[in-house]
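Hi,

Here is the structure I promised to pass on to you. Have a look at it first, and then read on for my notes.

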Amino acid sequence: MKRIKAIYPGSFDPPTNGHFDLIERGSKIFDELVVAILRNPDKDPLFSVAERRKMLEEITSHFDNVSVDTFEGLTVEYALQVHATAILRGIRAISDYEYELQMALMNRKLQPGLETVFMMPAARYSYLSSRLVREVAKLGGSIECLVPEVVMQRLREKIDVAHKFADGEDSDASRNLAPKSRLRKRKK
Ligand code: PNS
């Protein structure tokens, strides 16, 4: 019987509940799903590739058919390398559609044998993005219910470290951070 292996490529900086929702859905329709983190030397991420990999490994450890990997260069080349025949991407709202369509068609031009499969995350995550999570977390807002628990912890640690670094200094870093008190873990 034909087994379908798919890759789910992205930046995942950091992984959100929207990503997790898509991984869960993808794991149900593909025999194998590889969450593939792009190693992009041009970007200045909040989390290193190793940190993102660890978080994704932790949140997907209970899926038998999901693994996590990293790649560099073209997504289609990576898909071929791991013998995947599908690329999974999420579409949250119509605003995602144009970019995703362009990417899917370019990937098809580069590698006609690969299919892009779009899935929609749960509607409650339709406004959620890694960029907004980073911004809200840095400014001390609550990201509860928007990212897995492990990601929440790592974000807190990261922001605490940034505070220590910026303490007492009138640096750009300190200006971009919320007052410490607003970042403390809420008492339940
Ligand atoms: O999570 P993101 O940032 O929306 O993911 C974008 C990603 C990594 C899927 C896209 O940038 C990508 O595929 N980059 C790899 C380089 C590549 O293949 N470029 C041509 C895409 S048509």
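Below is what turned up, going from the sheet to the pocket and then to one loop.

Please keep in mind that this is a predicted model.

**The sheet**

Five of them make up an open sheet, and its order is β3-β2-β1-β4-β5, with parallel pairing. The edge positions belong to β3 (66-71) and β5 (115-119); each has a single partner strand, so one side of each has no neighbour in the sheet. On average, neighbouring strands here are turned by 30 degrees against each other, if direction is ignored.

If you zoom in on the β5 end, you will find β4 (residues 86-90) paired with β5 in the parallel sense over 5 bridges. As a landmark, look for A86, which has E115 of β5 opposite. Helix α4, residues 94-110, lies across both β4 and β5, and it runs at about 170 degrees to β4. Keep that helix in view, as it comes back in the next part.

**The largest pocket**

This may be the part you want to open up in your own tools. The volume of the largest pocket is about 1,100 Å³. It is lined by 40 residues, and those closest to the centre are G10, S11, R89, Y99 and E100.

Which elements give two or more residues to the lining? They are β1 (5-10), α1 (17-29), β4, α4 and α5 (130-138). Of these, α4 gives the most, with 8 residues, and this is the helix that lies across β4 and β5.

**The loop between β1 and α1**

F12 is found in the loop between β1 and α1, and its phi is positive, at about 50 degrees, although F12 is not a glycine. P14 is found in the loop between β1 and α1 as well. The peptide bond leading from D13 to P14 is cis, with omega near 0 degrees.

Best wishes

How values were computed: Residues numbered from 1 in each chain as written. Predicted model: local features only at pLDDT ≥ 70, side-chain atom pairs only at ≥ 80, totals over all residues. Heavy atoms only, no water. Pairing = 2+ DSSP bridges. Helix = DSSP H or I, 4+ residues; strand = E, 2+ residues; numbered from the N terminus. Axes fitted to C-alpha atoms, helices over the stretch in contact; angles between N-to-C directions. Contact = heavy atoms within 4.5 Å. 1 Å grid on protein atoms, 1.4 Å probe; cavity = no way out; pocket = protein on both sides within 12 Å on 5 of 7 lines; lining within 4 Å. Points joined across faces, edges and corners; volume = space filled by probe spheres on them.
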